[in-house]
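Subject: Structure handover

Hi,

Here is the structure I promised to pass on. My notes follow below it.

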Amino acid sequence: MSLRPAAVLVAALAAALACDAGLEPEPVCARGLVGVCGTAHYTGTPPAETEAVFVVAFHTYPQSCADLLALPPNFQPFPPPPLPRPYADSAAYSVPLTAGRYEWFVAVWKKPGTPTFTTNDTSLFRVAGQYPGVVTVPAGGAISGIDIVVAFDSLRPVTDFVTCTAAR
Amino acid sequence: MHRRALIGLVLTALLPAAAGGQTAGGVVRGEVRDPRGAPIRGAVVGVPGTTLYAFTDAAGRYRLAPVAPGAIHLRAAAIGYAPASATVTLADSAGADFTLEPSPLELPPLDVVSSKVPQFGEPATSVAQLTEQEIARRAVNTVDEAVDKAAGVQILNGQINIRGSTGYVQGLNSRVLLLVDGVPMNQGDRGGINWDLLPVDQIERVDILKGAGSSLYGSAAFGGVVNLTTRDVATGFHARVRATGGAYADPPHPEWRFRNTTGLEGGVDLSGSYGTETAGGRVAVGARHSDGYREQDERDHWQLAGKGRWQMTPRTRLDVSGAWAVDRYQVPLSWCRRGECADSGQVYQPFKVDTTELGARTDSRKGYVSAQLRTVASERFAWQARGSWLRTHFIDYRRSATEFGVANRFGVEVRAEAHPDAARTVLVGGEGTFSDVQSDIFGTHTQSELGAYGESGQQIGRAHVTAGARLDYLAVDAGSMTAVVSPRIGGTLPLAGGTLRASVGRGFRAPTMAERFVHTFALGFEVIPNPNLRPETGWSAELGHTTPVLGAARIDAALFWTEARELIEPQLILVVDTVTMDTTAKIQLQNVTRARIAGLDATVLVAPIPDHLTAMLAYTYLATRPILAFRPTHLLTLSADYAPAGSSGAWGVGADFRYASRPRRIELEGFVDERRVAVKVLDVRAAWTHRPVELRLLVANALNYMYNLVPETLERVRTISITAVWSY
């Protein structure tokens, strides 16, 4: 074998073998996501009338039912896509959110029914869990590790958190 | 044949006693040089078929004694040179100088590891050799980095794999035996290898036996033997300074950054020696520091090594050597997984560690002393005795617990070498090893091994046949003994197109005290002891052929096959508490695997411009059944070196590329991060030599390829280092 073909062969082989970069960063949040991702940990048994569980985030802590109904634009149409099923053990989730600060990051349980965007909706929803802190979504990026516990055995009405005049 | 060999041995043993009183024999002295007049260090000069051989020192000088008067047929050879022969007539003394022509395709001239007795010619089992020049050219800083470059060899986080032998078991064993100048150096407690026991600057040659070596070496030589030959003490005064400094690349991705400064490494080794023809000694000291390339990866190393020789009589030589090394290294136990550190939104952070283990470190001290006495009673008979003591000590400081271990390994060996005639060699010997350990995770235990071996080599026509066996007795805590028999037979046959070699042998490995008695916690599980472990055994066979091609290449290929039984592997088992009846998952080492390890080992050496350009392609294909953990199916090494002739100084460039396919299986899969990728590492180097100074530049992992060999442990990033050596 002459020198030139051998050198070309060796160089081509080395280049072909070295073309990938080995271990790569693996963001918890999906690439391109602008928003929040984390793990939902499910405890307790989902009630029989469970339709879905989803996440809602508010820039400021709601003081009234009116604040509750003034959802950020991320949640239009409402309700947003549900957290992954089955509601057992834990599952990774992600929620697209515009950049900004969110003071109330909450998991919401919903039973079958159509929201009317009135105080009557409080009968459809229960608070299943909250993130114990403020969530800040960076501009153009995602924040990971926003883990939330969804407790089916202690679903709480929203009236435990805000003042509403609605049927329970 | 064996009876005649035995009679020959006894006669030759008795004869020198009578003859020895009449004459001490003569001396042959001389020098071995290359065509430019430069001395060749480490060349062997000897009388084939006898006990007489010697290696050249730094000045290329050798001395052979005692040589019986008369016509002496001498042979001189060195790796990378064509051998030369000469016949001298000896009265009291004679001189014979040799000039060896460069011949990079030449087979290694001498085998010191496959038969314990240095022998000219090709061994029946594959042997890879690394010369001092190759080690220096690669500018590596530790012995394992040098060994890792040998064909068919892979080092996994300190554990050596020869043709897929060991795998990776957290340093709790080794299926490869390490020898330093022929003295076993595997740890007494864990059976592992302390690659930092000796400074790489003191290594003259590395010989790697690929395949079972238990027929001569006993336990641990299940998958191979690595023999480190340290530099001999040359006559006159010599000094050497080696300094190295380097820098680690930053992580290639900003989300993996873990510090704002550049990691550095550096070290210095000093050695001085003085010798006469009668005696000599050398002392070497050194220190190294590394900031590490990962979080919590700082390392400090101090070492002291010495060697002495004394030609007590013209027939008897005593060699003593020893080393002491102290290490303090932080322990990057495993990389950080999501939530275990400031993960920057990453599923894993390979440069960071779990914050619960921040501050973990290990203090390690180890040392050995050995003495070897060799008496050449005559050209036909020699005997050798040695004693050695290896001590290892470690303390692991963890947040959760502090663990320690102190182990001793004492060894003695006596062997006799006879050459009843020029065509036959007989070797018999006995070896004893006593190990003890005191540890909070291994307990307090002892282990004894007694072995007796014999081997005979015979030239039959053109073929050379070797056969032998070893019987070992093993006892733990002075309890019942286990006996293991390890036979081996092999041979070489020169053919028109090359040389054919074949061997079949049995290897074994006694469970280490760590494997039997370890009691600790790993991966969240309790690791429980198993005192009833039995030795691993295996039959290994090899069929190889080496042949020159068109005068510009040499091809060596070998098919190998091992049928292993009772391999010891960690197992996750369910243990029922007899009181509470609760079931708990625990880890225990058990004899579980019966495995077949087979494959092909091929090396192509090309020298299109002899003495200036050489290239090597080494490929190992490995198939195991069942699929064994940490065994890559494909292992490929490409290396090339170019060195144009220089007038006042010499410079050269070279590169190594290493590929290992992604292991199909890892141990305890499902409980550790299963990420693993193929290995694709390129090392680039350059050197400038102007005696007495050498300057070497090494860019290790030049592509800054990110990979791991064992779970959750990132391998070294791109490292640029400069090494300067001054020799006197």
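B:Gln202 sits in the loop between β15 (183-184) and β16 (203-210) of chain B. Helices and strands here are DSSP runs (H or I, at least four residues, for helices; E, at least two, for strands), numbered from the N terminus. B:Gln202 counts as buried because it has 24 C-beta neighbours inside 10 Å. The cut-offs: buried means 20 or more other C-beta atoms within 10 Å of a residue's own, exposed means 12 or fewer, and partly exposed lies in between, with C-beta atoms placed from the backbone. Beyond its neighbours within four places in sequence, B:Gln202 is in contact with B:Thr230, B:Arg231, B:Ala284 and B:Ala305. Contact means C-beta atoms, placed from the backbone, within 7 Å. B:Gly306 is 104 residues away from B:Gln202 in sequence, yet their C-alpha atoms are 9.6 Å apart.

Some ground rules. This is a predicted model, in which local features need pLDDT of at least 70 and side-chain atom pairs count only at pLDDT 80 or more, while totals for chains, interfaces and linings use all residues. Residues are numbered from 1 along each chain as its sequence is written, and chains are lettered from A and ligands numbered from 1 in the order in which they are written.

Chain A

Chain A has 2 helices and 9 strands. Along the sequence they follow the pattern α-β-β-α-β-β-β-β-β-β-β. Of the 168 residues in chain A, 27% are buried. Take the contacts in chain A between residues at least 6 apart in sequence: 80% join residues at least 24 apart.

Where the chains meet

The contact between the chains takes 18 residues from chain A and 24 residues from chain B. On the chain A side, α1 (3-17) and β8 (142-143) each supply at least two residues. α1(A) gives the most, with 5 residues. By class, the chain A side has 14 nonpolar, 3 polar and 1 charged residues. Nonpolar covers Ala, Val, Leu, Ile, Met, Phe, Trp, Tyr, Cys and Pro; charged covers Asp, Glu, Lys and Arg; the others, Gly among them, are polar.

Domains of chain B

Chain B is assigned domain 1 (2-110) and domain 2 (127-727). These bounds come from an automatic or database domain assignment. Taken over C-alpha atoms, the two domain centres are 31 Å apart. In the contact between them, 34 residues of domain 1 meet 39 residues of domain 2. On the domain 1 side, α1 (2-20) and β4 (61-67) of chain B each supply at least two residues. The largest share, 10 residues, comes from α1(B). That side divides into 21 nonpolar, 9 polar and 4 charged residues.

Cores

The largest nonpolar core has 130 residues, and B:Ala43 and B:Val226 have the most contacts inside it. A nonpolar core is a set of buried Ala, Val, Leu, Ile, Met, Phe, Trp, Tyr and Cys residues joined through C-beta atoms within 7 Å. Strand β14 (residues 176-180) of chain B gives this core its largest share, 5 residues. Domain 1 and domain 2 of chain B each contribute at least three residues to this core. Leaving aside neighbours within four places in sequence, B:Val226 is in contact with residues including B:Val147, B:Val176 and B:Ile208. A second, separate core of 35 residues includes A:Cys37, A:Tyr42, A:Ala142 and A:Ile148.

Strands in chain B

Five strands form an open, mixed sheet in the order β11-β16-β17-β14-β15. β11 (127-131) and β15 are the edge strands, each pairing on one side only. Strands pair if DSSP finds at least two bridges between them. β14(B) and β17 (residues 224-230) run parallel, joined by 5 bridges. B:Val180 stands opposite B:Leu228 in β17(B).

β4(B) is mostly covered, with 6 of its 7 residues buried. β1 (residues 26-33) of chain B runs antiparallel to β4(B), again with 5 bridges. There, B:Arg29 has B:Arg63 as its bridge partner.

Backbone details

A cis peptide bond joins B:Ala65 and B:Pro66, with omega about -5 degrees. B:Pro66 is in strand β4 of chain B. Another cis peptide bond joins B:Arg625 and B:Pro626, with omega about -5 degrees.

B:Asn701 has a positive phi, near 55 degrees. B:Asn701 counts as buried because it has 23 C-beta neighbours inside 10 Å. Phi of B:Asn704 is also positive, near 50 degrees. B:Asn704 counts as partly exposed, with 19 C-beta neighbours inside 10 Å.

Best wishes

How values were computed
Two residues are in contact if their C-beta atoms, placed from the backbone, lie within 7 Å.
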